[in-house]
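Reader: I am new to this structure and would like to learn how to read it feature by feature. Could you take me through it slowly, giving the general idea before each case?

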Amino acid sequence: MKYILTNFAQGNAPFILCGHLSKKIAELSKKDLGVIFPLVYGEKQKKILQEELGDFTRNVFFDKKFGEILNSIFYSGSNFEEHLKKFVEIHSEKQKELKDHFKNEIEVETFNGDKHTINCSDIICEISRNPQIKTPIKPTFYTNFAFYSEILEESKNNSEIEIDEELLNESAELFEEIENSQSLCFMQQPNSFSYRKKTIEKSNKLDVPPFYELDKTTDVNIERGIYATITGIPGLEKFYDDVTKSGLKVYSSKKVENIDSEVQLPNVLQNDNILFHFCRSGWGSIAKSIITEKPIITLPYQKGDDPEIYFNNKTLKELDLAIFLDPDFDTSKLFVQGEKIKKNYSALKNELKTTFGTTDAFSYTAEKICKYLQNDSEPVIRMNPDFTKVSNTQTLKNTEITFNDKKDDNMSGVIDQIKCKKDTSIIDVMRLINEAPKKGAPPGLCLVTSEDDILEGIVTDGDIRRAILNYVPLTYPVEKIMTTNPITVPHKTPYLEMLQIVRNKIKEYQKKNRIPNSQIQRIIAVNEKNQVKEVLNFYDLFRLKETKMRNVCIIGLGYVGLTLGLTLADEGFHVLGIDLNESVVNLLKQKKSHVHEKGIVPLLEKHIGGNFLVHQKIPDNSQDIYVVCVGTPVKEGKLNNQFLKDALNEVGKVLKKDDLVVLRSTVSVGTCRELAVPLLEEVSKLTAGTDFFLAFTPERTIEGDALHELRTLPQIVGGLEQRSVDLASNFFRALTHQIITVNSLEEAEMVKLINNTFRDVTFAYSNELALICDRFNINTSDVIRAANEGYSRGKVPYPSPGVGGTCLKKDPHIFCESAKKVGFSPQLVSFGREINEKMVHHVVDKIKAHFESRGKNFAESKIFILGFAFKGHPETTDMRDSTTIDVVGLLSQHTGNIYGYDPIVPKEKIEQLNVKFANPEEGFKDADCVLIMNNHPAYSNLEIHNLTKLMKPNGLFFDAWNIFSHKSFSENGINYSTLGFNNKK
């Protein structure tokens, strides 16, 4: 059996959440998984889990030692500042205890006390709920409504939260360390900081719906009342007394002293007779209220309390999601306020469903975790094959919002249900709005029309609530409270234009400080006479927009295009791949890959001929998104954009209104605006930013792990204007949990160049260091290892025999070219590239110097090279811009006796370089020099002692990646050399 470990902060809700999520993972994976809980609350905890998990408790085990460690750092319930002091003081000690505890085996017990021993290697992952300590288990998945480090950082800026600033800094650092160690952090929405637009973004953050778990039905027969989650706080007697006097009964999980209350479990919140939920503003309670639509009554923040409550309260106030029990609270207004909040809950639930496609957070999150585990190099869980996001038969092609006579006729009957005249009384409109949803009409809205059916205004349930609060008599005509100039759009307007019209009108309203309540939720489509033809849900419109954007054309099927196309196909997109190379297209049609990439073959077998079709030319204009992934080669330091121009020209021929063009090829800064926009506009006769949309979204995946990184790396998005950014962001959101938008196309172009240029310069430092160390005969890797050990700042990379690969070799040149456009000549980047290109000469010079010192004839010497791909880890067959090719070219000037081997590069590709292919034993035999040119892990498994015995006496073993210790060669009479070190014999 494999196991999931749970880790949580104090309280019942966290371990209940961990239990339900673990149970859902087991269901989706169809594996008999065990779940290990730290035993913190003794028999009480066992009883709660038995009630919550039912039959699944046979898979549950308890770890007492882990529970003791957790309990020692839990919030004691006293002043929160005292808790933080204790937390900081003992954290390091408890962290060490925990590390030792999970070192080998742990002892657990079942519900009935039976003992078992579990090997820690059988624990496949950890589910944590706002943990205060981290275990050594990986991967680990964190659930919360905010990063706690963010809560503590923000606490420093609030006078109401009186906690020592130095203590906040120390504890925030500890929490941030825990958060950064998580594989994925699931942030439930809304969150503690939803009152503001900007929250912390991390590469491992993923938004999810709120977690809640309630029984499906509640059959108990009860009176109208409130459910109180908190009862033990003094000073609430007047509130309970007022509630009772208003005719409501108090229900709670335990008896409330001096109050006529009744004990009921929390699932009673689903009962129609429970009208309010009295609770602290913890997000578990908030989630239950939102889902059951029971308005929250809560307390203001109290000094000394957990600061999370402070920020939760701010969000509740900003979003109008709670009634606050302030000193001047008026119980007589409870019902009016409650009705308003219920409407907000309903709208929020709809928004959550639109955003995530579900409000079932457990299934949503468990699916993400299962996919994460499945994508591991050695998966321990396989997803239930029936649990797929969009099957081939569900792929939506050319979906558009369409209008036809039949639909108009049907809609007319529905719209008639929510029409009234100006003299209709407010009370009659209330009845009309109340009955409309039962007849299939849009809820919460009434259309005020003339005798000729012309729209004169609208009334929403919000307008009516405001009228009641302002004591407007309900017998008054609705004309008194209607909005006379609602936002409307022309009927049959294409969806993108419709959305833009709404955005522009909202901006106009905002300038006048007035936005009608219904406008963001509902879009009213009218004909030329201003007669209502359709009422659309704004969020449904966005969903249709998302649906339409499922037909994607990828131009260029190299590493970048092929991996992106297959990943999109796996998410349910209909993908058309285009490549001019006939042999590439034919190979792909046979479900064979021309590139080596981990995990690519199963995707080809699954999607070629289904969600993924391949052609040499774009056949028609049926695609909605065009992603350009063609090569942009650099020759002699100059960028060649011809492939890009050709691709854009072909896209322009088929480009139609509302299409999105995405550039993913590496380009110099300014290329999108100065080259792509004019060319596309000229060929298509359309206007960028109005008729079609353009974005730049740099590809930053690593060869050998691209399929995994496409789903985990943040995606940078820059657009021509905001609509382009929105469309591209929505598109890539299907793949990755984090979208980072920048302010312009140029910023996005620069981001791509920054990443690789920085790496190239950093590697140049190490390589220059190697050149210096060579003068001192110092092993560069050894001194770097010593410098890095235990030193957390500025880790120095190890040197290499040059820096290869298409990106790292060309991007610095493109960076410099971009800078020169604006009159700046970069020196550091240029010198860095120059150093890295010198390294291949350094390697050959060392070989040459060795032969000369031993009196060997270079032309007659046998040289054996291991490693032809530009890198060895993650492994790839890509030899483009490999430094080995440069070394072969230089060596060929001295000898034709060169042999070669690579663990995965095919023999024929090596022989195309005029290199004789040989396996390691054949290559070492009688070799005068052996070079290791990349860092493939397979080399460390070579029987190097035996192999070097096959070499000629006084041979040179050049270990460019310092894989072997020079001591291994002391007995064989072989000279060991690496970058910066020679062990001469």
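Author: Let us begin with a term needed for sheets: two strands are said to pair if DSSP finds at least two bridges between them. In this predicted model, strand S16 and strand S17 (residues 445-449) pair in the parallel sense over two bridges, and the bridge partner of Lys-419 in S17 is Leu-447.

Reader: How many helices and strands does the whole chain have, and how much of the chain counts as buried?

Author: The secondary structure of the protein chain comes to 31 helices and 38 strands, and 55% of its 985 residues count as buried. The chain exposes about 43,700 Å², of which carbon and sulfur atoms supply 48%.

Reader: How should I read a nonpolar core, and which residues have the most contacts inside the largest one?

Author: The general idea is that in soluble globular proteins nonpolar side chains tend to be buried together. Here the largest nonpolar core has 92 residues, and those with the most contacts inside it are Ile-25, Phe-37, Phe-239, Tyr-240 and Phe-278. Helix H1 (residues 12-29) gives the most to this core, contributing eight residues. A second, separate core has 38 residues, including Phe-573, Ala-695, Leu-727 and Leu-735.

Reader: Is Ser-128 buried or exposed, and which residues is it in contact with beyond its neighbours in sequence?

Author: Ser-128, which lies in strand S6 (residues 123-129), counts as buried because its relative accessibility is 0%, where the cut-off for buried is under 20%. Leaving aside neighbours within four places in sequence, Ser-128 is in contact with Asn-7, Cys-18, Thr-140, Phe-141, Tyr-142, Thr-143 and Gln-182. The C-alpha atoms of Ser-128 and Pro-14 are separated by 8.3 Å, although these residues are 114 residues apart along the chain.

Reader: Why is strand S20 described as largely enclosed by the rest of the structure?

Author: Five of the five residues of S20 are buried, so the strand is largely enclosed by the rest of the structure. Both of its faces are covered, with Arg-522, Ile-524 and Val-526 buried on one side and Ile-523 and Ala-525 buried on the other. Strand S19 (residues 488-490) pairs with S20 in the parallel sense over three bridges, and the bridge partner of Pro-490 in S20 is Val-526.

Reader: Where does Gln-531 lie, and what does its side chain approach?

Author: Gln-531 lies in the loop between strand S20 (522-526) and strand S21 (532-537). A polar atom of the Gln-531 side chain lies 3.0 Å from the backbone oxygen of Asp-452. Beyond neighbours within four places in sequence, the contacts of Gln-531 include Asp-453, Ile-454 and Ala-525.

Reader: Over which residues does pLDDT stay under 50?

Author: The chain averages a pLDDT of 84, and 89% of the residues score at least 70. Over residues 376-410, however, pLDDT stays under 50, and the model has 64 contacts beyond four places in sequence for them. The pLDDT is also below 50 over residues 515-519, a stretch with 14 contacts in the model beyond near neighbours in sequence.

Note on methods: Residues are numbered from 1 along each chain as its sequence is written. This is a predicted model: local features need pLDDT of at least 70, side-chain atom pairs count only at pLDDT 80 or more; totals for chains, interfaces and linings use all residues. Side-chain values use heavy atoms; hydrogens and water are left out. Helices (H or I, at least four residues) and strands (E, at least two) are DSSP runs, numbered from the N terminus. Buried means under 20% relative accessible area, exposed over 50%, partly exposed in between (1.4 Å probe, protein chains only). Accessible areas come from the Shrake-Rupley method with a 1.4 Å probe; for residues, only the protein chains shown count as cover. A nonpolar core is a set of buried Ala, Val, Leu, Ile, Met, Phe, Trp, Tyr and Cys residues joined through side-chain atoms within 4.5 Å. pLDDT is the predictor's confidence in each residue, from 0 to 100. Contact means heavy atoms within 4.5 Å. A polar contact is a pair of N or O atoms within 3.5 Å; within protein, one must be able to donate a hydrogen and the other to accept it, and residues adjacent in sequence count only if both atoms are side-chain atoms.
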